[in-house]
Amino acid sequence: MKTRTLKADRTGIAEAAATLAAGKLVAFPTETVYGLGADAGNAEAVARLYEAKGRPSFNPLIAHVAQISDAERIGVMNDAARLLAAKFWPGPFTLVLPASADCPVCELARAGLPTVAVRVPAHEIANALLKAAARPIVAPSANRSGHVSPTQASHVLADLEGRIDLILDGGATPLGLESTIVNCTSERPQLLRPGSITRARLESALGSPVADASDTVSDTPNAPGQLASHYATRARIRLDAYDVKAGEVLLAFGSDLPPGADPARTINLSLSGNLIEAAANLFAHLRALDALGAETIAVAPIPSTGIGEAIRDRLVRAAAPR
Ligand code: TXA
Ligand code: MG
């Protein structure tokens, strides 16, 4: 299969919507990362998507829709879900809900679960595409399963060339980390994946603490990215590095470089120590450091405040033994 790349102008978006409607695979930008889209109601298209990613098929997908009213047809919202949807949609935010009785997202995309993940993205191109497609689109991050998520069209091409039909190129994604996922299938909302919508913002919207994925015993495999190794680079990753050892490359944060750092083998997440900038740079910088061919990437300490929680979450998974 030849993978075409189109500019995300009006013609490109119309072509991408028609390609999705025909059951084919289209990568497109969102404000978080590039997603690999397929028609959520077309099980064959979804099967091709799992195949293209090499994704274990027990991992359920997020259905993307253009507006809140579309989300209400997919899942059942309790009060907390409604409040969070009103506050954080459209945006980098995903709700896990009990699937509605006539849920248009096929069983395969939900991995057979009685629940469904839904997101209304805010990115202009994603939103225009969803409107034009006029159907829910499931979209995991557009990388080979287990790899670092793509924040540029070139990352998508590097992972999926020849395996998908179309890439809609809308430049670099502004936030760079996947959406915050909150499980609202029971009374107390539960943070399944930290992201740009921070724990503090969720709790201030709800007026109460959110539970963690590990807090409740549940009969559904509900914590995303639970696979031991996720966001895998070729190089090993050493976290909270206060020095840089011989042969290591460095993912730095802030202007103070640890002893042993070689500026030629260092990429900085944010010179000024800005966590938002660091989040946006994380995956691209991991890919770039990996390309230097070192055995190990040393990662400077990242504070766990605000979106730092989400950055550290991704780094811990990237560093997991494999
Ligand atoms: O920002 C994002 O969320 C990006 C963009 C493309 O929208 N998408 C994304 O999708 O990160 P993906 O497939 O890489 O991650 C979705 C996570 C998975 O780890 C999956 O386990 C979880 O969402 N998930 C999906 N459905 C679920 C469900 N019913 N219950 C619990 N977790 C679910
Ligand atoms: Mg992913």
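This is a predicted model: local features need pLDDT of at least 70, side-chain atom pairs count only at pLDDT 80 or more; totals for chains, interfaces and linings use all residues.

Student: Which residues belong to domain 1 and which to domain 2?

Tutor: Domain 1 covers residues 4-216, and domain 2 covers residues 236-319.

Student: How many residues of each domain are in contact with the other?

Tutor: On the side of domain 1 there are 23 residues, and they are in contact with 14 residues of domain 2. Together the two domains bury about 1400 Å² between them, and 59% of this area is on carbon and sulfur atoms.

Student: Which three residues supply more than any other three of the area that domain 1 buries against domain 2?

Tutor: They are Val148, Leu177 and Pro194, which supply 41% of that area.

Student: How many salt bridges are found across the interface?

Tutor: A salt bridge is counted when a side-chain nitrogen of Lys or Arg is within 4 Å of a carboxyl oxygen of Asp or Glu. By this rule, 3 salt bridges are found across the interface of domain 1 and domain 2. As an example of reading a salt bridge, consider Arg199 and Glu309, whose closest N and O atoms are 2.9 Å apart.

Student: Let us turn to the sheet. How do strands of a sheet pair?

Tutor: In general, strands pair through backbone hydrogen bonds, and the pairing is either parallel or antiparallel. Here, an open sheet of 4 strands has the order β12-β15-β13-β14, and its pairing is parallel.

Student: Why is one side of β12 and of β14 left without a neighbour in the sheet?

Tutor: Strands β12 and β14 (266-268) stand at the edges and each has a single partner strand, so one side of each has no neighbour in the sheet. On average, neighbouring strands of this sheet are turned by 20 degrees against each other, with direction ignored.

Student: Which strands pair with β15, and over how many bridges?

Tutor: Strand β12 (residues 236-238) pairs with β15 over 3 bridges in the parallel sense. Strand β13 (residues 249-252) also pairs with β15 over 3 bridges, again parallel. Within β15, Ile297 stands opposite Ile237, and Ile297 is also the bridge partner of Val249.

Student: Are the residues on the two faces of β15 buried or exposed?

Tutor: Both faces are covered: Thr296 and Ala298 on one side are buried, as are Ile297 and Val299 on the other.

Student: Which helix lies across the strands of this sheet?

Tutor: Helix α8 (residues 275-290) lies across β12, β13, β14 and β15, and runs at about 170 degrees to β13.

Technical notes: Residues are numbered from 1 along each chain as its sequence is written. Chains are lettered from A and ligands numbered from 1 in the order in which they are written. Side-chain values use heavy atoms; hydrogens and water are left out. Buried means under 20% relative accessible area, exposed over 50%, partly exposed in between (1.4 Å probe, protein chains only). Two strands pair if DSSP finds at least two bridges between them. Axes are lines fitted to C-alpha atoms, for helices over the stretch in contact, and angles run from 0 to 180 degrees between N-to-C directions. Contact means heavy atoms within 4.5 Å. Domain bounds come from an automatic or database domain assignment. Buried area is the accessible area (1.4 Å probe) that two parts lose on being put together, summed over both.
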